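I opened my notebook to keep track of what I looked up. Here is the structure I was working from.

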Amino acid sequence: MPNGKTVIVVMGVSGSGKTEIGKLLSEKLSRPFFDGDDFHPEANVKKMSSGHPLNDEDRKEWLIALNKLAVDHKHKGAIIACSALKKNYRSLLRAGMGNCMTFVYLDGSFELIKSRLEKRKGHFMPINLLQSQFDALEPPSKAIIVSIEETPVKIVKQIMKEL
């Protein structure tokens, strides 16, 4: 990949399509895919499942685990789906990575994402927490930014062009 950037973090609020886009990028780039949700401590899953948003302290252990994953794949490459809502979360994810990490921000309106979440079944984050994610979101200034209004295939093509 250009500029030695080997780990790609696909970020955005829940329902923006991080997993779907991440898996498609993984196939295109022949790099392993990791869903950040799989790395949440059980306490975080329980808290969100009960309708309570995570705070910065709740997310710290999770972000440290994802940073370790990224560092372990620094030279092999990987695609990681992770909300990475705040600038300080992205800084923690980037620790020890140098220029070997690229963020892809999946940008979409509250209404569009809410309509997607209403159709999604089996995820631990209830739809009533979506507003808390938008409230916490600090959109990145240094990222590949794509609108989620396009089809997943078009989104991946746009990302590939910008990589």
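My entries follow, one topic at a time.

**Ground rules.** I'm working with a predicted model, so I noted that local features need pLDDT of at least 70 and side-chain atom pairs count only at pLDDT 80 or more, while totals for chains, interfaces and linings use all residues. Residues are numbered from 1 along each chain as its sequence is written, and side-chain values use heavy atoms, with hydrogens and water left out.

**Cysteines.** How many disulfides does the structure hold? I found 0 disulfides, taking one to be a pair of cysteine sulfur atoms within 2.5 Å. For C82, the nearest cysteine sulfur belongs to C100, and it is 18 Å away. As a reminder to myself, a disulfide is a covalent bond between the sulfur atoms of two cysteines. Next I looked up accessibility, where buried means under 20% relative accessible area, exposed means over 50%, and partly exposed is in between (1.4 Å probe, protein chains only). C82 is buried at 1%, and C100 also counts as buried, at 14%.

**The core.** Which residues have the most contacts inside the largest nonpolar core? They are L25, C82 and I159, and this core has 42 residues. A nonpolar core here is a set of buried Ala, Val, Leu, Ile, Met, Phe, Trp, Tyr and Cys residues joined through side-chain atoms within 4.5 Å. I then followed I159, using contact to mean heavy atoms within 4.5 Å. Leaving aside neighbours within four places in sequence, I159 is in contact with I21, L25, V104, I144 and V146.

Helices (H or I, at least four residues) and strands (E, at least two) are DSSP runs numbered from the N terminus. Two packed helices are described by the angle between their axes and the distance between the axes. Axes are lines fitted to C-alpha atoms, for helices over the stretch in contact, and angles run from 0 to 180 degrees between N-to-C directions. Helix α1 (residues 18–29) packs on helix α7 (residues 152–162) at about 55°, with the axes 10 Å apart. I wrote down that α1 and α7 are therefore oblique to each other; under 35 degrees would be roughly parallel, over 145 roughly antiparallel, 65 to 115 roughly perpendicular, and the rest is oblique. On the α1 side, the contact includes L25, and on the α7 side it includes I159.

**Helices α3 and α4.** The axes of α3 (residues 56–72) and α4 come within 8 Å and cross at roughly 30°. That makes the two helices, α3 and α4, roughly parallel. Among the residues making this contact are L63 and N67 of α3, and Y89 and L92 of α4.

**V7.** Is V7 buried or exposed? V7 is buried, with a relative accessible area of 0%, and it sits in strand β1 (residues 7–11). Not counting residues up to four places away in sequence, V7 touches several residues, including A70, I80, M97 and C100. I also checked V7 against K76: they are 69 residues apart along the chain, and their C-alpha atoms are separated by 8.3 Å.

**Positive phi.** Most residues other than glycine have a negative phi, and most peptide bonds are trans. S30 is not a glycine, yet it has a positive phi of about 55°. S30 is in the loop between α1 and β2 (33–35), and counts as exposed at 68%. A84, not a glycine either, has a positive phi of about 45°. A84 lies in the loop between β3 (78–81) and α4 (87–94), and is buried at 0%.
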